[in-house]
Amino acid sequence: MKCPFCGASETTVADTRINDDGDIVRRRRRCMTCDKRFSTYERAEIRLPQVVKKNGLRVEFDREKLSASLWLALRKRPVTVEAVDASVARIEEKLLTLGEREIPSEKIGEMVMQELKKIDKVAYVRFASVYRNFEDVDAFSDLVREVSLPAPRRGR
């Protein structure tokens with residue numbers, strides 16, 4: 001680590017401490033040349049992929065925009081804030097585990113539909129009707145029928 005006072009590259013670590021949450025490491029350092037002390041902080045850099053829009057434009061992933069999309073579909077539905085926050089967290093986790101630098105917005109839309117299908121079927125149909133931009137009533141009817149079918153029974 002380069003000394004911020006004299007620019008020398010030889011420094012030693014005098015003390016290391018981890019914060020209460022365990023996500024930041026504070027290191028007290030001493031310059032071997034000028035003998036001055038300074039602190040450095042380390043934290044994990046977590047980068048979500050950039051979103052590639054349908055028009056080719058690339059934008060930073062926006063957690064607030066994702067949450068707002070879910071809430072728009074869930075408007076006036078009996079769903080808790082915790083359920084929506086958990087859905088957003090699951091989508092972010094999936095994006096991180098993909099390890100991609102870029103992701104098409106369509107893939108995020110599919111993830112949103114999967115989450116909505118789990119937490120509220122009416123919101124799922126609302127979102128899908130806009131997202132999939134149905135061309136005819138039959139395609140929309142198929143979606144509603146898919147949601148309203150009872151889940152298959154497993155072994156007896």
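**View 1. Leu74, a buried loop residue.** At 1% relative accessibility, Leu74 counts as buried (under 20% relative accessible area, with a 1.4 Å probe and protein chains only; exposed is over 50%, partly exposed in between). Leu74 sits in the loop between α1 and α2; helices here are DSSP runs of H or I, at least four residues, numbered from the N terminus. This is a predicted model, where local features need pLDDT of at least 70, side-chain atom pairs count only at pLDDT 80 or more, and totals for chains, interfaces and linings use all residues. Residues are numbered from 1 along each chain as its sequence is written, and side-chain values use heavy atoms, with hydrogens and water left out.

**View 2. Who touches Leu74.** Beyond its neighbours within four places in sequence, Leu74 is in contact (heavy atoms within 4.5 Å) with Val79, Val84, Leu116, Ile119, Asp120, Ala123 and Arg126. Take Ile119: 45 residues separate it from Leu74 in sequence, and the C-alpha to C-alpha distance is 9.5 Å.

**View 3. Helix α1 against helix α2.** The axes of α1 (residues 63-73) and α2 (residues 81-98) come within 10 Å and cross at roughly 130°; axes are lines fitted to C-alpha atoms over the stretch in contact, and angles run from 0 to 180 degrees between N-to-C directions. On the α1 side, the contact is made by Arg63, Leu66, Ser67, Leu70 and Trp71, and α2 brings residues including Val81, Val84 and Ile91.

**View 4. Helix α4 and its start.** Ala123, Tyr124, Val125, Phe127 and Ala128 are buried in α4 (residues 121-131). At the start of α4, a side-chain oxygen of Asp120 gets to within 3.2 Å of the backbone nitrogen of Val122.

Terms used:
Helices (H or I, at least four residues) and strands (E, at least two) are DSSP runs, numbered from the N terminus. A polar contact is a pair of N or O atoms within 3.5 Å; within protein, one must be able to donate a hydrogen and the other to accept it, and residues adjacent in sequence count only if both atoms are side-chain atoms.
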